[in-house]
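Student: I should like to learn how to read the pockets, cores and helices of a model. Could we work through one together?

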Amino acid sequence: MTIVATKSTHAAKVTPNAGEKVLTLETMNPNLRAMEYAVRGAIPIRAEALKEQLKSHPGSLLFKQITACNIGNPQQLMQKPITFLRQVTALMEYSDLLSPDMIETTRKLFPEDAIERARHNLSFVGGTPGAYTHSLGIFEVRQNVARFIEQRDGFPANPNDICLTTGASGAVERVLDMLVSDPSVGIMIPIPQYPLYTASLTRLNAHAVPYYLQEEKDWQLNQADLERSLSESRANGIDVRALVVINPGNPTGGCLLESNIAEIVRFCERNNLVILADEVYQSNIYTGTNPFVSFKKVVMQLGSSVELFSFHSISKGMIGECGRRGGYYEAVNIDEQVMGQLLKVASVSLCPNVSGQMAIDMMVNPPKVGDPSYAQYEQEMDDIYQSMKRRAKKLAIAFNSLPNMSCNDAQGAMYLFPNIELPKAFVEEAKAKGQAPDSLYCMQMLEATGISVVPGSGFGQYPGTFHFRSTFLPQEDLFDDFIDGFKRFHLGFMQQYSTKN
């Protein structure tokens with residue numbers, strides 16, 4: 001096992017002397033000190049330093065720019081924002097544009113449906129997006145989220161079971177806070193996994209209980225491994241309470257079959273586990289064989305009483321509004337008293353940010369057929385989708401063309417997770433330096449090419465294997481240059497170490 005939530009031990013209390021710092025590395029919360037988050041770890045930090053060097057000393061490095069493939073941040077890599085969303089946002093933020101004195105000028109710049117949508121959404125918040133909203137989020141937006149879920153799944157959804165949050169990460173953390181009542185609690189997480197989960201469990205001083213996805217079967221989930229992981233952990237006194245599923249997968253790009261989802265639901269039902277379904281990439285599906293099916297739909301089809309939290313976000317899909325921090329969770333089969341406690345916890349933060357809430361509303365309730373913005377909206381969404389699909393395929397082909405590298409196609413999400421067979425001499429060299437071999441490989445890639453990716457050890461991987469995660473988000477007109485740079489690095493790397501084996 002290459003990644004676990006680190007259980008901290010509490011040091012003896014020390015009273016600082018007069019004039020000494022009270023808050024130090026030694027006195028801070030040890031759980032926070034133990035947290036790791038590879039997506040923003042040593043390699044991205046080094047990438048930022050190199051980026052500053054390029055600004056201050058152009059031409060001083062082997063490359064002209066940093067290509068940030070370490071994080072699913074589409075607009076950082078020049079993905080065009082959706083026009084309708086930005087138009088409505090602009091009108092809401094500067095609502096004077098809707099005043100009688102300015103409306104005729106505004107109509108020359110904005111389509112009528114964007115103007116009406118801005119007016120309508122402003123009515124949700126008393127005419128100003130700068131005021132607090134309900135702690136669970138604006139009720140009318142939650143109603144639209146419920147309609148979106150009903151249309152997607154064919155089953156009812158209740159807006160009172162939906163909570164808008166500051167990004168899906170905030171929703172996940174809130175649910176984990178509710179689940180972890182003491183240090184004996186464990187949460188089952190997939191390996192590979194998104195580091196939010198191990199970081200959050202470390203912060204809570206809880207156990208990460210790993211189960212392995214099957215790389216040789218396009219990252220499907222193996223029920224036998226679920227049984228093994230659960231029984232071993234409970235035998236060791238861990239109070240396993242929930243199972244996390246990321247579908248479509250991050251970092252793997254896999255998408256679970258509906259039959260696999262049904263097996264997971266039945267497994268959790270039998271073993272009294274809450275399901276945490278991270279479904280933020282549900283719009284990013286590139287294959288007809290594995291369409292996205294929500295856990296909510298399968299739970300309802302099976303008539304299951306299993307407890308379920310599902311998560312969605314504006315950061316992914318074709319919307320890609322990461323910085324607006326809009327997300328939500330839907331709670332299914334959750335105890336009413338717990339729902340009251342979730343409201344209390346939400347109230348402590350007053351409300352999620354309003355800009356994110358409004359972006360959620362436009363994601364789940366976009367322009368309709370016949371609206372002035374419909375054709376442009378559909379064209380923009382399809383252009384982004386088709387470009388992502390082409391780039392995902394092109395990068396997988398490139399990885400699979402290289403020696404000592406294999407890669408499953410991306411069925412969904414924004415990432416590829418290629419398997420690298422690192423030369424024995426390099427592995428020994430890395431270990432002698434006290435570094436994970438895939439981390440050293442990725443750091444050398446950055447120094448040679450400016451391409452920033454995340455080593456597989458940051459997500460967890462099957463023992464004895466090495467990977468890295470790369471987005472396929474670089475601009476399409478620069479994509480060939482990005483691939484060529486990576487190929488030159490990898491071929492040179494393999495040539496250098498082939499003589500040392």
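Tutor: H17 (479-498) gives six residues, the largest share, to the lining of the largest pocket. Elements are DSSP runs numbered from the N terminus, helices being H or I of at least four residues and strands E of at least two. This is a predicted model, in which local features need pLDDT of at least 70 and side-chain atom pairs pLDDT 80 or more, while totals for chains, interfaces and linings use all residues. Residues are numbered from 1 along each chain as its sequence is written, and side-chain values use heavy atoms, without hydrogens and water.

Student: What volume does the largest pocket have, and which residues lie nearest its centre?

Tutor: On a 1 Å grid over the protein atoms alone, a pocket is an open set of points with protein on both sides within 12 Å along at least five of seven lines; a cavity is a set where a 1.4 Å probe fits but cannot get out, and lining residues have an atom within 4 Å of a point. Points are joined across faces, edges and corners, and a volume is the space filled by probe spheres set on them. Here the volume is about 840 Å³. Gln65, Ile66, Thr67, Ala68 and Thr449 lie nearest the centre, among 32 lining residues.

Student: Which residues line the second largest cavity?

Tutor: Thr89, Met92, Glu93, Pro129, Val354, Ser355 and Met358 line this cavity, which holds about 50 Å³ of space.

Student: Which members of the largest nonpolar core touch the most others?

Tutor: Nonpolar side chains tend to be buried together in soluble globular proteins. A nonpolar core is a set of buried Ala, Val, Leu, Ile, Met, Phe, Trp, Tyr and Cys residues joined through side-chain atoms within 4.5 Å, where buried means under 20% relative accessible area (1.4 Å probe, protein chains only). In this core of 92 residues they are Val145, Tyr328, Tyr441, Phe468, Phe472 and Phe486. Helix H14 (residues 374-400) gives the largest share, ten residues.

Student: Why does the length of H6 agree with expectation?

Tutor: The expected span of a helix is 1.5 Å times one less than its number of residues. The 15 residues of H6 (residues 139-153) should therefore span 21 Å, and the end C-alpha atoms are 21 Å apart. Buried residues of H6 include Val145 and Phe148, and glycine 154, with a positive phi near 80°, follows the helix.

Notes. Buried means under 20% relative accessible area, exposed over 50%, partly exposed in between (1.4 Å probe, protein chains only).
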